[in-house]
Amino acid sequence: MNATVWRASIFVLLLVLLVLAEWRWPRHQADPDRRHRWPVNLGFGLAGALCLRLLMPWLAIDAALWARQNDVGLLHAWTVPSWLAVVVTLLALDLLIYAQHRLMHRVGWLWRLHRLHHSDLALDASSGVRFHPLEILFSMGLKIATVVVLGAAPAAVLAFEILLNGFAMFTHANLALPPRLDRILRWMVVTPDMHRIHHSVLRDEHDRNFGFNASWWDRLFGSYREAPRQPQATLRLGLDRFRDSREQRFDQLLLQPFRREKTSRQ
Ligand SMILES: [Zn+2]
């Protein structure tokens with residue numbers, strides 16, 4: 001089996017497990033409206049994967065293999081032991097994704113690409129693949145640049161991509177973890193309750209908890225929020241200006257970044 005088949009299999013398996021868990025232990029009470037949301041969210045997941053395949057001649061893993069073959073990048077120049085190269089690669093890529101996410105919320109044109117993700121009116125595992133293809137391409141460009149500068153370890157790059165994908169589905173899942181488990185996990189990784197705050201309709205809540213995998217970047221850089229004002233179960237999700245059914249159509253969402261705005265940050 002090649003890497004694509006492996007990754008697709010892991011994705012489907014995790015999705016099935018999370019859907020079962022969401023059905024058994026739901027956290028949020030809103031109607032998940034799967035009939036309308038799932039084709040759109042999975043459609044964006046597919047569109048992003050296709051765009052990467054068709055439009056990017058190089059992916060982060062190809063860049064890592066090239067850097068190793070040609071001895072390019074800091075980790076090769078310093079000849080660090082391979083276990084350290086793996087750790088540094090994982091940390092660097094996770095920090096990059098955190099920084100990119102903060103930037104997406106700060107810079108007007110990047111927010112236009114990112115807000116489609118925030119306009120989802122409910123949250124579940126499918127929200128973890130709801131990104132605009134342009135955001136996916138932008139993110140891959142940044143990852144490639146980082147991988148080349150760093151001379152990142154190829155195995156760690158592949159592991160990171162799988163982790164990122166898996167955590168994106170887990171942290172968006174409508175899943176009630178036992179409070180004690182949530183508290184313990186949160187010292188290391190982002191949990192569904194932690195990330196749900198990031199999808200609050202209120203800006204001072206959705207400008208918090210930017211991490212994707214590790215939770216410590218938010219604590220370290222002062223963007224951590226422990227709890228929302230409203231209870232988790234009834235937290236109002238999404239964005240105020242994208243609530244009607246027309247705004248939630250695939251074609252409208254695809255064109256959303258190019259729409260004329262009165263203000264850039266809504
Ligand atoms: Zn966000």
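What follows is a short chat about the fold, the overall dimensions and the cores.

Author: First, some ground rules: this is a predicted model, where local features need pLDDT of at least 70, side-chain atom pairs count only at pLDDT 80 or more, and totals for chains, interfaces and linings use all residues. Residues are numbered from 1 along each chain as its sequence is written, and side-chain values use heavy atoms, with hydrogens and water left out.

Reader: How many helices and strands are there in the protein chain?
Author: Helices (H or I, at least four residues) and strands (E, at least two) are DSSP runs, numbered from the N terminus. Here you get 13 helices and zero strands.

Reader: What radius of gyration does the protein chain have?
Author: That's taken over C-alpha atoms, and the globule rule is 2.2 Å times the number of residues to the power 0.38. For 266 residues a compact globule would come out near 18 Å, and the protein chain has 18 Å, so the two agree. The C-alpha trace spans about 50 × 45 × 40 Å along its principal axes.

Reader: Which residues touch the most other members of the largest nonpolar core?
Author: Such a core is a set of buried Ala, Val, Leu, Ile, Met, Phe, Trp, Tyr and Cys residues joined through side-chain atoms within 4.5 Å, where buried means under 20% relative accessible area (1.4 Å probe, protein chains only). In this 24-residue core, they are Met56, Leu93, Met140, Val147 and Val157. H7 gives the largest share, five residues.

Note on methods:
Buried means under 20% relative accessible area, exposed over 50%, partly exposed in between (1.4 Å probe, protein chains only).
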